[in-house]
Each structure stands twice: as C-alpha cells, then as structure tokens.
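These are my notebook entries on one structure.

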Amino acid sequence: MSINYADRIPNNVGLSDNRRLQRALESWQPNYMKWWGEMGPDGSSDFDVYLRTAVSVESDGWANFGFVKMPEYRWGIFLTKPEAERVIPFGDHRGEPVWQEVPGEYRAPLRRLIVTQGDTEPASVEQQRRLGLTCPSLYDLRNLFQINVEEGRHLWAMVYLLHAYFGRDGREEAEAMLERHSGDADRPRILGAFNEPTPNWLSYLMFTYFTDRDGKYQLAALAESGFDPLARTCRFMLTEEAHHMFVGETGVMRVVQRTAEVMRELGTDDPERLRAAGVIDLPTIQKYVNFHYSVSVDLFGQEISTNAANYFTAGLKGRYLESRLDGDHRLTADLWPVHTVREGRIAVEQLSALGAVNERLRDDYIKDCQRGLERWNRALETAGADFRLELPHRFFNRRIGNAANLRISPDGRLIAEAEWQSNASQWLPTPEDMAYVDSLMRRVTAPGKIANWIAPPTRGIDGKPWDFEYVRFNAGN
Ligand SMILES: [Fe+2]
Ligand SMILES: [Fe+2]
C-alpha cells in the first residue's frame with residue numbers, strides 16, 4: 001500500500017500495472033494543470049509553501065511536511081487499505097461482499113454521486129482563488145494553500161474513480177469537472193453553496209467551518225458505500241478534510257477572540273466603535289454564521305428524497321457511521337422525525353426513515369456544527385462579553401426542501417414578507433457589512449505579524465511556532 005512517487009501520478013493503486021488507465025489519467029493531467037494555473041490560487045506559482053503531502057496512507061505517513069511550490073505539488077491517487085472480507089453494511093445487499101466493480105444496475109446513480117461530490121472539490125478552489133492576496137498572516141496563507149491543494153487532490157480522487165470504473169462516460173465527466181466553474185452563468189457548479197462567492201477571509205473561515213463540514217458528512221456517508229473503491233477513497237479524503245474544518249473552527253474562534261479583546265479594551269459593544277477600531281462586531285459575525293450555515297444546510301437536499309432512499313436501499317450511500325449503528329440497516333419499518341411546514345406552522349412529523357436519510361445526515365451535521373458555537377461562546381464568556389452566537393433555525397433562509405423560499409425567522413417562526421423585509425438586514429450580511437469586512441482585508445506577510453481583525457493562533461503547524469515563515473516568496477512576487 002505504499003505510495004509510488006516514481007510514477008508521474010503518485011498513487012497506491014498500482015497504476016503502472018494498468019497502462020490504459022495510466023495513459024487516460026496522464027492525458028487528463030495537463031488539463032488539470034491548466035485549470036490550476038487559470039482557476040487556482042492567484043499569483044502563487046513561485047511561492048515555496050510549507051505543505052503536507054501524503055507519502056503513505058498509514059497513520060505515520062499521510063502528513064509529511066516540507067516546502068513545495070504549488071504547481072509542483074504531487075497530486076495523486078490514494079485509497080485506504082482494503083478491509084479484509086468487508087461486506088455491504090446496509091440496504092438490500094446487506095451482508096453480501098462489497099463490490100470491486102460497478103454493478104451494472106447501479107452505474108448511473110453511482111456516477112451521479114461521484115460527479116456531485118467531485119464537482120465540489122475544484123469549486124471551492126475557484127471560490128477561494130483570490131484570498132491569498134489579502135491573507136491576514138503567513139500562517140493563514142499556508143493553511144489556505146494547504147486546503148487548496150487538498151481540494152485539488154480530492155478532485156483527483158473522484159476523477160480516478162470515473163476513469164477507472166466508468167469508461168467513456170467517466171472520461172467525459174472528468175473533462176466536465178474542469179469546464180464547469182463556480183458562479184459561471186453558463187456552466188455553474190452543480191450545488192448552490194459552491195456557486196456563492198467567498199469574497200473575504202471571514203466568508204472563507206465560515207465556509208471551511210460550515211461547508212467543508214457538509215463535505216465531511218457526505219464523505220462519511222459515501223465511506224460506507226458497498227462500492228469499495230469509493231468507500232476507500234472517501235476514507236482517505238476524510239483524514240485530510242479534518243484540517244479544513246480545524247481551519248474554520250479555530251479561525252472563527254480567533255476572530256471572535258480578537259473582537260472580544262477590543263470590546264474589553266474599549267469597554268463597549270457598540271458596533272460603530274468596534275468598526276472604528278478595525279474589528280468585526282459580533283452581530284456581523286452572527287450574520288455570517290446565519291448565511292453560511294443556511295446555504296450549507298441546503299446541501300443535504302430534500303428532507304424526504306426518493307433518490308436518497310434508492311441510494312440507501314442499493315447500498316451506495318449510507319448514514320453517518322452506518323457500520324456502528326444498531327438496527328436492521330434496511331430502514332423499511334423505521335421512522336425519523338422530519339421538520340415540515342403544515343397549515344402555516346413548522347411541525348415535526350414521524351416519517352419513513354428510509355425516505356428521510358438526507359434529513360438524518362443533516363441532523364448529525366447540525367449537532368456537530370453546534371459544538372463549535374459552544375466553544376466560541378465559551379471564549380466570549382471567558383472574555384466577559386454578554387453576546388452569544390447561535391445557529392439559526394434549520395429552516396432559515398432555505399432554497400431547498402420543505403422550507404424552500406418560505407420566510408422563516410432565525411428563531412424558527414413562519415413570518416410574513418413584511419416582517420422579513422424589515423428584519424433581513426439584522427439577519428443576513430448587508431452590502432454595507434460586506435463592504436466593511438472587505439475593507440479590513442489587507443495582505444500581511446511579514447513573519448510574526450497579523451492583521452488587526454484576527455487573533456494569532458495558539459499553535460503553529462507541524463510543531464513550528466505560529467510566526468514561522470510558512471510561505472517564502474521568490475523573485476518576481
Ligand atoms: Fe474536499
Ligand atoms: Fe475540504
């Protein structure tokens with residue numbers, strides 16, 4: 001299972017034994033590099049960045065640190081080790097050996113699942129491509145680039161599956177991954193949240209906390225798949241994804257801490273005075289939470305979904321930690337509480353658990369999101385601030401599902417259009433809020449220096465101090 005770095009495409013899937021596949025991926029590689037050059041991090045190609053690269057999928061080998069120029073990053077194909085005698089953990093095929101090839105009857109839905117997941121990976125790189133120009137510190141710049149190269153690798157992971165298992169359609173889908181672009185009017189990315197701009201570092205930290213966390217739950221559900229190459233691919237992706245959410249959680253924490261610090265210094269919670277002091281007032285942070293949480297909650301899809309039920313029954317996509325759950329893993333008789341809107345009121349109804357697997361995954365996600373808010377709130381409490389951040393109701397600001405395009409307040413009331421209109425500027429970032437946050441975004445790249453609106457991290461990366469020179473700029477930059 002060691003990774004072969006002698007090949008042009010590093011891999012632990014024996015690529016050199018499959019010349020046809022190797023050639024196909026080698027012909028996709030230049031298109032990927034062209035995409036990275038055009039749509040990847042802006043103006044970064046001559047930087048030496050202290051990045052981690054996997055050298056094996058063992059616990060001691062997947063995080064190997066060193067200075068790398070990003071276009072020379074060794075993007076590759078890494079799967080976790082096969083589990084001996086693994087059986088399909090759920091659905092109609094429960095207990096049967098996992099599939100090493102795509103079952104003919106599930107070819108279309110599996111391809112769709114892989115394409116939908118794969119499309120999000122380059123989308124986030126596109127969304128974040130200009131952030132390096134306004135980084136608050138070298139530490140933050142390095143973490144941004146780490147996430148970018150890993151999202152690029154996650155695209156490689158999905159493209160490998162498409163090329164290896166889906167023949168000509170797979171190759172066409174792999175090309176299309178580089179042709180759709182985030183926010184493109186003609187060829188947008190597949191999912192809504194991945195077409196939203198990530199215009200500043202507060203958006204980015206919220207994105208890595210809330211939207212990368214959706215990725216964690218989707219990957220975890222696919223990591224249970226009866227299609228074993230997909231399960232093993234997603235398991236390895238999850239090890240990398242943890243860092244992305246760490247960046248979000250600690251990043252928002254540092255923004256909150258810095259604001260609380262200035263609140264204490266000035267003895268005020270007046271947003272105007274805090275803005276004059278160059279930090280982001282807590283009500284504005286709350287609005288960014290509301291926005292990024294609501295677009296991420298949408299990513300879980302319809303509460304009751306025939307597609308999701310079919311994926312489950314077929315053994316393609318499970319529940320979070322499926323293999324560790326009790327029950328018959330078929331869900332034919334089980335119920336699950338589902339939020340609905342009936343006769344002008346939000347209600348919770350017991351509905352078929354099989355139809356509600358999306359909603360169940362969303363429930364797991366919401367619980368996980370809540371943990372970060374509790375940590376941020378403890379920091380506020382410690383700093384003596386009265387303000388507490390909250391997750392809005394799951395139906396707030398939704399575009400998909402039972403509450404799509406209904407007017408629902410953050411505290412979970414179905415409200416009239418007039419009430420929405422008079423409060424929306426308190427609930428979601430306004431153009432003025434965004435302009436203010438944008439105005440704080442100035443590039444800080446001296447080691448040990450950091451922008452005024454965010455606190456330094458408590459630790460650096462890989463045991464280095466936080467003020468280590470994580471990115472070295474070279475002539476011409
Ligand atoms: Fe990813
Ligand atoms: Fe990610």
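I began with the terms: helices (H or I, at least four residues) and strands (E, at least two) are DSSP runs, numbered from the N terminus. I am working on a predicted model, where local features need pLDDT of at least 70, side-chain atom pairs count only at pLDDT 80 or more, and totals for chains, interfaces and linings use all residues. Residues are numbered from 1 along each chain as its sequence is written, while chains are lettered from A and ligands numbered from 1 in the order in which they are written.

**Entry 1: the whole chain**

I found 12 helices and five strands in the chain. The radius of gyration is 23 Å, close to the 23 Å of the globule rule for 477 residues, so the chain is as compact as a globular protein of that length. (The radius is taken over C-alpha atoms, and the rule is 2.2 Å times the number of residues to the power 0.38.) Along the principal axes, the C-alpha atoms fill a box of roughly 65 × 65 × 40 Å.

I then looked up burial. A residue is buried if 20 or more other C-beta atoms lie within 10 Å of its own, exposed if 12 or fewer, and partly exposed in between, with C-beta atoms placed from the backbone. Of the 477 residues, 45% count as buried.

**Entry 2: the strands**

Which strands form the open sheet of three strands? I noted the order β2-β1-β5, with antiparallel pairing. (Two strands pair if DSSP finds at least two bridges between them.) β2 (64-69) and β5 (471-472) are at the edges with a single partner strand each, so one side of each has no neighbour in the sheet. Strand β1 (residues 48-53) is joined to β5 by two bridges, and valine 49 stands opposite valine 471. Helix α3 (residues 138-165) packs on this sheet and touches β1 and β5. Contact means that the C-beta atoms of two residues, placed from the backbone, lie within 7 Å.

I also looked up β3 (residues 335-342) and β4 (residues 345-352), which pair in the antiparallel sense over eight bridges. Leucine 335 stands opposite serine 352. The two strands form a hairpin with two residues between them, and glutamate 343 in the turn has a positive phi of about 50 degrees.

**Entry 3: two helices**

The axes of α5 (residues 201-222) and α6 (residues 228-266) come within 8 Å and cross at roughly 155 degrees. That makes α5 roughly antiparallel to α6, the term for angles over 145 degrees. Axes here are lines fitted to C-alpha atoms, for helices over the stretch in contact, and angles run from 0 to 180 degrees between N-to-C directions.

**Entry 4: single residues**

Proline 109 lies in helix α2 (residues 107-127). Proline 109 is partly exposed, with 15 other C-beta atoms within 10 Å. Leaving aside neighbours within four places in sequence, I found proline 109 in contact with Asn310, Tyr311, Ala314 and Leu316.

Histidine 329 is in the loop between α9 (306-314) and β3. Its phi is near 60 degrees, a positive value in a residue other than glycine. Is histidine 329 exposed or partly exposed? I noted partly exposed, with 19 other C-beta atoms within 10 Å.

Asparagine 405 is in the loop between α10 (357-382) and α11 (417-427). Its phi is also positive, near 60 degrees. With 8 C-beta neighbours inside 10 Å, asparagine 405 counts as exposed.

How values were computed. Parallel < 35°, antiparallel > 145°, perpendicular 65-115°, else oblique.
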